[in-house]
Amino acid sequence: MSLYNMEDFKKKCKVFGIDLSEVQIEKFMDYYKLLIEWNSFMNLTAITDFEEVVLKHFVDSLAVCQMKEFFDIIKFSEGKSNVGDGNAFLENKQVSLIDVGTGAGFPGIPLKIIYPDLKVTLLDSLNKRIKFLNTIIDELNLKNAETIHGRAEDFAKQQSYREQYDFCVSRAVANLSTLTELCLPFVKVEGYFISYKSEKLKEELSAGEKAIKILGGKIERQEEYLLPDTDIKRSLLMIRKVNDTPKKYPRKAGTPAKEPIS
Ligand code: SAM
């Protein structure tokens with residue numbers, strides 16, 4: 001189908017339990033081509049080599065699929081599993097996910113390609129990236145995917161976004177304390193905020209634990225792993241929302257980064 005090594009991409013996805021279909025492979029190829037095309041006139045990614053984009057953007061974004069809680073809830077919503085039977089959180093619903101500070105769409109777009117039934121919101125404060133994402137949504141024919149141009153601090157205050165999502169994900173946006181203030185307000189009680197981190201998670205955790213508690217979260221799980229076939233370390237932190245986020249959070253735009261809860 002192409003000059004690119006799709007077998008290697010498939011193999012890497014398999015490590016996280018994903019069997020890529022031909023349709024999904026085509027969508028990833030279109031995404032790659034548009035990413036490179038738009039990157040020639042706007043700053044979307046420093047990584048452009050195909051194999052590197054596959055590993056550090058596509059496969060890295062999909063690492064969350066290895067987390068049982070994420071997988072079970074998504075699969076339940078697709079009617080392929082009976083996990084969670086009788087759980088009000090899972091009944092009669094389409095699972096929703098918001099990607100805060102999505103940039104060129106990571107991890108939100110790869111997750112949407114893999115789970116087409118997922119209702120995805122991609123939020124970023126840079127409008128030119130939102131324009132790129134709107135093109136991706138159109139060209140890849142992704143249904144139930146929307147973009148929002150704005151700051152997380154502002155949208156998390158709005159009733160139609162606050163505590164509306166089953167999952168919030170975020171990669172490479174801020175330190176854990178700041179990020180939790182930007183992300184947890186979007187999550188429903190019993191939903192999850194999943195933070196993609198490098199190997200430095202432990203250092204951030206000691207500073208972030210207080211913020212997680214104040215904002216209504218509880219650390220559910222930490223996953224440390226290597227990107228497939230490499231020695232690149234990554235971690236995922238899964239925070240379950242156990243209480244409503246107090247109304248005063250997030251504080252006004254810029255404050256969570258300037259004065260992280262500590
Ligand atoms: N998540 C993507 C990734 O992993 O490739 C992009 C990471 S990029 C380093 C950080 C992105 O977060 C930028 O696109 C920036 O505009 C966005 N961002 C930073 N602070 C934000 C905020 N308070 N609200 C919304 N977007 C924000």
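First a definition: I call two strands paired if DSSP finds at least two bridges between them. Helices (H or I, at least four residues) and strands (E, at least two) are DSSP runs, numbered from the N terminus. The model is predicted, with pLDDT of at least 70 needed for local features and 80 or more for side-chain atom pairs, while totals for chains, interfaces and linings use all residues. Residues count from 1 along each chain as its sequence is written, and side-chain values use heavy atoms, leaving out hydrogens and water.

**Sheet.** I looked up β4 (residues 165-171) and β5 (residues 187-197): they run parallel, joined by 6 bridges. Arg171 has Tyr196 in β5 as its bridge partner. Next I traced the open sheet of 7 strands, with mixed pairing and the order β3-β2-β1-β4-β5-β7-β6. β3 (145-149) and β6 (217-226) are at the edges with a single partner strand each, so one side of each lacks a neighbour in the sheet. From one strand to the next, the twist averages 20°.

**Helices.** How do the axes of α2 (residues 22-39) and α3 (residues 50-61) cross? I found them crossing at roughly 110° and coming within 11 Å (axes are lines fitted to C-alpha atoms, for helices over the stretch in contact; angles run from 0 to 180 degrees between N-to-C directions). The two helices are therefore roughly perpendicular (65 to 115 degrees). Among the residues that meet there are Phe28 and Leu35 in α2 and Phe50 and Phe58 in α3, contact meaning heavy atoms within 4.5 Å. Last, I noted that α3 lies across β4, β5, β6 and β7 (233-241), at about 160° to β4.

Conventions. Angles under 35 degrees count as roughly parallel, over 145 as roughly antiparallel, 65 to 115 as roughly perpendicular and the rest as oblique.
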